[in-house]
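Hi,

Here is the structure I promised to send over. Have a look at it first, and my notes follow below.

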Amino acid sequence: MTTKVLMVCLGNICRSPLAEGIMRKLTNNSDFLIDSAGTANYHLGAAPDHRSIAIAALHDIDISSQQARQLTPADLDAFDHILVMDEENLSNALALCTSKAQRNKIVLITSASEVEASHIPDPYYGGADGFARVYELLHDCCSKWLMKHTK
Ligand code: 4NP
């Protein structure tokens with residue numbers, strides 16, 4: 001059975017596209033379907049931020065063809081796990097829920113993977129070093145999350 005995992009941030013141009021790319025590479029598409037979305041509609045249809053594309057490319061991951069989309073109520077039923085980057089994404093996503101089953105799918109990616117960081121910081125207004133830090137954090141989170149969710 002395919003496990004469907006949705007990575008969620010605010011704009012779907014910096015963190016969650018990178019998270020999607022890392023998770024796709026780590027799962028190699030076997031048994032998992034990975035997607036990403038943003039809780040906001042600021043960048044609908046846009047490619048990932050060039051700094052996310054660059055840090056992904058440095059790690060042999062091509063995220064350049066992704067297009068930003070907004071999290072929808074239908075996603076809350078369609079996906080098995082919804083991994084959000086920070087507390088703001090968490091409250092925005094929870095606000096869309098109409099059932100306990102939906103709410104139970106939504107978790108902070110850091111707590112779900114038991115890494116020490118409390119959240120994945122928004123790198124949008126910072127420099128390239130922020131994106132490198134986000135990559136390392138996400139790689140750690142995705143690896144640990146997968147260890148907990150694969151046999
Ligand atoms: P993301 O980063 O949520 O990781 O995609 C952001 C992208 C855009 C904005 C904020 C955060 N923005 O305000 O436009």
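Let me start with a cysteine: C97 counts as buried, because its relative accessibility is 11%. Its sulfur is 17 Å from the closest cysteine sulfur, which belongs to C9, so the two are too far apart for a bond. One thing to keep in mind throughout is that this is a predicted model.

How many disulfides does the structure hold? The count is zero. C14 is in no disulfide, and the nearest cysteine sulfur, in C9, sits 6.9 Å away. C14 also counts as buried, since its relative accessibility comes out at 6%.

C14 brings us to the ligand. Which residues surround it? The shell is made up of C9, L10, G11, N12, I13, C14, R15, Y42, H43, D122, Y124 and Y125. Sorted by class, that gives seven nonpolar, three polar and two charged residues.

A backbone N or O atom of C14 is 2.9 Å from an oxygen atom of the ligand. I13 has a backbone N or O atom 3.0 Å from a ligand oxygen, and for N12 the corresponding distance is 3.3 Å. As for cover, the ligand has 350 Å² of accessible area on its own, and the protein covers 92% of that.

N12 deserves a paragraph to itself. It lies in the loop between β1 (3–9) and α1 (15–27). Is N12 buried or exposed? It is buried, because its relative accessible area is 3%. Leaving aside neighbours within four places in sequence, N12 is in contact with P17, S36, A37, G38, Q67, A68 and R69.

The backbone of N12 is worth checking too. Most residues other than glycine have a negative phi. N12 is not a glycine, yet its phi is positive, near 60 degrees. D60 is another non-glycine residue with a positive phi, of about 60 degrees. D60 lies in the loop between α2 and α3 (73–78).

T39 is found in the loop between β2 (32–38) and α2 (50–58). At 14% relative accessibility, T39 falls under the 20% limit and therefore counts as buried. Its side chain is joined to that of N92 by a polar contact of 3.1 Å. Beyond neighbours within four places in sequence, T39 is in contact with V8, C9, L10, Q70, L71, N89, N92 and A93.

N92 has its place in helix α4. Its relative accessible area is 30%, so N92 is partly exposed. Apart from neighbours within four places in sequence, N92 is in contact with L10 and T39. N92 and C9 are 83 residues apart in sequence, and their C-alpha atoms are 9.8 Å apart in space.

N89 lies in helix α4 as well, which spans residues 87–95. How exposed is N89? N89 counts as buried, because its relative accessibility is 0%. Once neighbours within four places in sequence are set aside, N89 is in contact with V8, C9, L10, R15, T39 and V84.

Cheers

Note on methods
Residues are numbered from 1 along each chain as its sequence is written. This is a predicted model: local features need pLDDT of at least 70, side-chain atom pairs count only at pLDDT 80 or more; totals for chains, interfaces and linings use all residues. Side-chain values use heavy atoms; hydrogens and water are left out. A residue is near a molecule or strand if one of its heavy atoms lies within 4 Å of it. A polar contact is a pair of N or O atoms within 3.5 Å; within protein, one must be able to donate a hydrogen and the other to accept it, and residues adjacent in sequence count only if both atoms are side-chain atoms. Accessible areas come from the Shrake-Rupley method with a 1.4 Å probe; for residues, only the protein chains shown count as cover. Ala, Val, Leu, Ile, Met, Phe, Trp, Tyr, Cys and Pro count as nonpolar, Asp, Glu, Lys and Arg as charged, and the others, Gly among them, as polar. A disulfide is a pair of cysteine sulfur atoms within 2.5 Å. Buried means under 20% relative accessible area, exposed over 50%, partly exposed in between (1.4 Å probe, protein chains only). Helices (H or I, at least four residues) and strands (E, at least two) are DSSP runs, numbered from the N terminus. Contact means heavy atoms within 4.5 Å.
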